Amino acid sequence: MTNNNGVIQARLDLLIRLQDTTTGLSVEERNVEFRFNGVQIRPISRGFGNYILINHGRENGLMQVFGYGFEPFETIVDYDNLDERLPTVDVFMIPSENNDTGHKLLSLSGTRKGISSLECIHPGRPISAIREFEPKKRIMTIYTPNRRMNMIHSYYGLLHSERSSYEAFEILEQLDTNKVRLRALLQEEFAANDPICRRIFGQVNEEGDYLLRVRDDGRRQVYLVRYAIGDEIRYKSVDFHMAEEITLD
């Protein structure tokens, strides 16, 4: 695009962030292919799993991501639901079972008609806990265990006191070592000291096939799985060492 002064202008049309959902870390693998509405596109790598589309246009459509060592990923890009100034799509990549990282993976998979989302947290491995929440400013104060925590652009679950459900939330901005601003208001009741756990995302498709993977680090692998059947949110405690015997009802 060129303005009246002959200066070429560039517009960032999409920021794509690739994340290994089993670790929460950026995907550093560079052998990645992107397709938009079935056509291959070539976003520019900016490192740390970040890719940008410049002057691509802001058309809604299906984006697919194929990364070496990961399961294929697809999502609908809907600009009506993205930030106008910096439209961003987070891509949660699930490592494939034949990855060459040397890490053992445990899988929960199957078919459940009507399933529309799937994720989990590990209740026994909180990264922090809530102290208080200011609804007007959407500011959450948290406990910081002996180190500065970088929680921005991350997805967490606030584990309820009965430990059988949690509220999902997203960090929009880190204000201080122990204060963060949330993207949206908390909607459910909580108590001070309720644990905050990192969310691990799975995949579902229109046929009802689902897949959720975690890394086996030799420790206890009991997760609280959260999934949606229609408009209903359900929870199930799953020992991933026994996941082959478990189905989502």
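## A charge over a ring

A charge sits over a ring if NZ of Lys or CZ of Arg is within 6 Å of the ring centre and within 35 degrees of the ring normal. Arg226 and Tyr166 meet this definition: the charged end of Arg226 lies 5.5 Å from the centre of the Tyr166 ring.

## Basis of the model

This is a predicted model, in which local features need pLDDT of at least 70 and side-chain atom pairs count only at pLDDT 80 or more, while totals for chains, interfaces and linings use all residues. Residues are numbered from 1 along each chain as its sequence is written, and side-chain values use heavy atoms, with hydrogens and water left out.

## Nonpolar cores

A nonpolar core is a set of buried Ala, Val, Leu, Ile, Met, Phe, Trp, Tyr and Cys residues joined through side-chain atoms within 4.5 Å. Buried means under 20% relative accessible area, exposed over 50%, and partly exposed in between (1.4 Å probe, protein chains only). The largest core has 19 residues. Leu14, Ile16, Leu18, Phe34, Met63, Val65 and Val91 have the most contacts inside it. Strands β1, β3 (32–36), β6 (50–54), β7 (61–67), β8 (73–77) and β9 (88–93) each supply at least two of its residues. Strands here are DSSP runs of E, at least two residues long, numbered from the N terminus.

Contact means heavy atoms within 4.5 Å. Leaving aside neighbours within four places in sequence, Phe34 is in contact with Ile16, Leu18, Val39, Gln40, Ile41, Pro43, Tyr51, Gln64 and Val65.

## Aromatic cluster

Rings of Phe, Tyr and Trp (its six-membered ring) pair if their centres lie within 6.5 Å; planes under 30 degrees apart count as stacked, over 60 as edge-to-face and the rest as tilted. The whole structure holds seven aromatic pairs. One of them, Phe92 with Tyr155, is edge-to-face, at 5.3 Å centre to centre and 85° between the planes. Phe92 is in strand β9 and Tyr155 in strand β14 (residues 155–159), 63 residues apart. Phe92 is buried at 12% relative accessibility. Tyr155 is buried at 16%.

Phe92 also pairs with Phe201. Their centres are 4.2 Å apart and their planes at 25°, so this pair is stacked. Phe201 lies in strand β18 (residues 200–201), so the pair ties Phe92 of β9 to a part 109 residues away in sequence. Ring pairs link Phe92, Tyr155 and Phe201 into a cluster.

## Buried polar residues

Asp13 is in strand β1 (residues 12–20). Its relative accessible area is 1%, so Asp13 is buried. A polar atom of its side chain lies 3.3 Å from the backbone nitrogen of Asn55. Beyond four places in sequence, Asp13 is in contact with residues including Leu53, His56, Arg58, Tyr79 and Pro87.

Gln221 sits in the loop between β20 (209–215) and β21 (222–229). It is buried, at 0% relative accessible area. A polar contact is a pair of N or O atoms within 3.5 Å; within protein, one must be able to donate a hydrogen and the other to accept it, and residues adjacent in sequence count only if both atoms are side-chain atoms. The Gln221 side chain makes such a contact with the side chain of Asp217, at 2.8 Å. It makes another with the side chain of Tyr223, at 3.2 Å.

## Cysteines

The structure holds zero disulfides (pairs of cysteine sulfur atoms within 2.5 Å). For Cys120, the nearest cysteine sulfur is that of Cys197, 10 Å away. Cys120 is buried at 0% relative accessibility. Cys197 is buried at 1%.

Definitions and conventions:
Helix = DSSP H or I, 4+ residues; strand = E, 2+ residues; numbered from the N terminus.
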